Amino acid sequence: MDEALLRSLTPSVLGILVRRGADFAAAEDAVQDALVEAVRVWPAEPSPSSSSRGYPMRDAKGWLVTVAWRKFLDASRADTARRRREDLVDEEPAPGPVTGVDDTLRIYFLCAHPSLTPSSAVALTLRAVGGLTTRQIAQAYLVPEATMAQRISRAKRTVSDVRFDRPGDVATVLRVLYLVFNEGYSGDVDLAAEAIRLTRQLAAAFDHPEVAGLLALMLLHHARRASRTAPDGSLVPLAEQDRGRWDRTLIAEGIDILQAALARDRLGEFQAQAAVAALHADAQTAAETDWVQIVEWYDELLRLTDSPVVRLNRAVAVGEADGPRAGLAALAPLDAALPRHTAAEAYLHERDGDLPTAARLYADAARKAANLAERDYLTRQAARLNTRLGGSGG
Amino acid sequence: MAKYLLLKHYRGAPASVNDAPMDQWTPEEISAHVQYMNDFAARLEKTGEFVDSQALAPEGSWVRYDGEGRPPVTDGPFAETKDLIAGWMVIDVDSHERAVELAGELSAAPGAGGRPIHEWLEVRPFLGAHAGTTECTFK
């Protein structure tokens with residue numbers, strides 16, 4: 001039984017049910033039930049002859065639609081709103097061939113609806129689009145299953161009035177997928193891989209340069225994953241990563257996708273971010289990094305977003321391209337409360353040779369770090385400089 | 001989506017505005033207080049923001065490694081302990097503002113005279129274990 005195949009069919013099966021007249025919340029429940037049923041009854045090892053037991057593996061989607069529709073009808077009949085729903089079913093046109101592509105897209109847009117909070121949108125997307133169970137999503141976010149179940153049912157109620165045929169905002173969909181990607185890895189579901197799978201699916205259904213840009217960005221970041229942490233779990237900065245462990249296949253794919261997107265001349269934030277990632281991925285050694293071009297891409301990003309975080313990253317790139325003094329000058333006008341501002345300042349001071357200031361700032365940055373890996377890394381940087389300073393009598 | 005610890009203290013926090021020891025409340029006031037806390041937790045379960053809630057006994061032991069092959073040393077509770085944690089609630093919310101808003105509501109639990117305690121609650125963000133996927137060149 002191919003669970004990945006099952007999950008990839010989720011949004012289009014859901015879309016077909018909704019198109020046939022099921023309301024979104026009930027359809028979503030029915031599809032989940034059908035997925036559970038499939039896991040239960042489909043043979044562990046699909047073979048051409050398995051259809052003899054009545055499980056037509058050649059048409060997994062058809063099987064899921066049939067089972068989910070039956071589950072929906074069962075639930076509808078049992079429901080207090082039975083009559084209304086049965087009327088609805090009677091009035092709907094007979095089930096027929098439906099183009100899966102549009103429906104899949106609508107499910108994406110619905111799950112990322114602007115009326116949902118980010119955490120609700122993420123949870124609903126992972127279930128309704130990704131086909132994950134509530135338990136898997138709860139484990140990935142380290143919250144109780146009951147909490148996640150409530151989050152999802154609230155999200156479904158929130159979008160229950162949303163008209164299904166209204167086109168959504170692609171930027172919101174991309175933001176949700178980006179949030180999933182950045183959660184990274186925890187529990188038995190790899191959310192980064194899951195985000196890539198969903199973004200691939202979206203890119204296949206929806207021709208948009210920013211979707212391609214986000215997919216390229218994810219692939220380029222994901223390609224470096226193995227080298228990003230040491231065996232003990234500590235963080236390895238980009239310059240010190242073993243580039244031999246970068247996944248060249250993913251990098252090549254990411255760069256191809258990015259180039260095709262850039263060629264269409266509709267630049268957006270994700271394409272520009274992916275361009276920066278591609279320049280890092282392209283360098284054989286850290287010293288060969290084309291920092292001048294990276295600064296240019298950050299300038300593009302600034303034009304698109306004018307975000308303080310981009311200004312901060314740009315200042316670090318300027319420090320590499322034009323020297324630490326130039327980097328510190330670019331950093332000076334920025335708000336010191338920005339995440340990683342102190343860490344960037346520490347790094348630039350160290351490169352400028354001012355070790356006491358750098359050591360003090362690294363320790364300060366460690367106290368402000370938002371996660372353990374960064375805090376431990378920054379603490380080590382401070383300790384390294386302090387040991388050196390102590391050793392030379394400083 | 002970030003987790004926060006809402007920390008209640010027996011001692012160590014600044015004094016509440018309505019600062020009367022619980023054993024001097026009426027039983028009805030205590031019931032109202034407990035009900036408020038339960039309702040608060042139940043509401044957060046419904047919004048999908050509740051993670052965990054625990055109460056702690058005031059008495060604790062201090063334990064220390066005492067060298068290889070020896071049992072750990074225990075002592076205390078030390079009289080000079082300044083801070084004493086009464087319990088916690090862990091929430092998972094979309095923003096720091098939301099965490100502060102909820103802590104404010106929890107602080108309004110009714111106490112003596114049925115009036116809000118105006119107790120000080122400590123709000124502490126969880127540090128994530130992972131650095132996320134994006135990376136900086138410096139860190």
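## Met37(B) and its contacts

Beyond residues up to four places away in sequence, Met37(B) touches Lys8(B), Leu106(B) and Ala109(B). Met37(B) itself is part of helix 1 of chain B. The model described here is a predicted one. In this model, Met37(B) and Asp94(B) stand 57 residues apart along the chain, and their C-alpha atoms are separated by 22 Å.

## Arg115(B) in its loop

Arg115(B) sits in the loop that runs between helix 2 (96-107) and strand 6 (122-125) of chain B. When neighbours within four places in sequence are set aside, Arg115(B) is in contact with Asn18(B), Ala109(B) and Pro110(B).

Arg98(B) is 17 residues from Arg115(B) in sequence, and the distance between the two in space is 24 Å, C-alpha to C-alpha.

## The second largest pocket

The second largest pocket has a volume of about 860 Å³. Its lining is made up of 33 residues, and those nearest the centre of the pocket are Lys8(B), His9(B), Tyr10(B), Ala86(B) and Glu119(B). Two or more lining residues come from each of these elements of chain B: strand 1 (2-11), helix 1, strand 2 and strand 5 (84-93). Sorted by class, the lining holds 20 nonpolar, nine polar and four charged residues.

## Where chain B meets chain A

On the chain B side, 25 residues are in contact with 44 residues of chain A. Together the two chains bury about 3000 Å², with 58% of that area on carbon and sulfur atoms.

Between chain B and chain A there are nine residue pairs in polar contact, counting pairs with both residues at pLDDT 80 or more. Helix 1 (27-47) and strand 2 (50-55) of chain B each supply at least two residues of the side that touches chain A. Helix 1 of chain B gives the most to this side, with three residues. By class, the residues on this side of chain B are nine nonpolar, eight polar and eight charged.

## Salt bridges

Side chains of opposite charge can pair when their charged atoms come close. How many salt bridges are found over all chains? A search of the whole structure gives 30. The count between chain B and chain A is one. This bridge joins Asp92(B) to Arg151(A), and the closest N and O atoms of the pair are 3.1 Å apart.

Another salt bridge pairs Arg225(A) with Asp190(A), where the closest N and O atoms are 2.4 Å apart. Arg225(A) belongs to helix 12 (residues 225-228) of chain A and Asp190(A) to strand 2 (residues 189-190) of chain A, so the pair ties together parts that are 35 residues apart in sequence.

Technical notes. Residues numbered from 1 in each chain as written. Chains lettered and ligands numbered in written order. Predicted model: local features only at pLDDT ≥ 70, side-chain atom pairs only at ≥ 80, totals over all residues. Heavy atoms only, no water. Contact = heavy atoms within 4.5 Å. Buried area = accessible area lost by both parts, 1.4 Å probe. Salt bridge = Lys/Arg side-chain N within 4 Å of Asp/Glu carboxyl O. Polar contact = N/O pair within 3.5 Å; in protein donor to acceptor, adjacent residues only side chain to side chain. Helix = DSSP H or I, 4+ residues; strand = E, 2+ residues; numbered from the N terminus. Nonpolar A, V, L, I, M, F, W, Y, C, P; charged D, E, K, R; others polar. 1 Å grid on protein atoms, 1.4 Å probe; cavity = no way out; pocket = protein on both sides within 12 Å on 5 of 7 lines; lining within 4 Å. Points joined across faces, edges and corners; volume = space filled by probe spheres on them.
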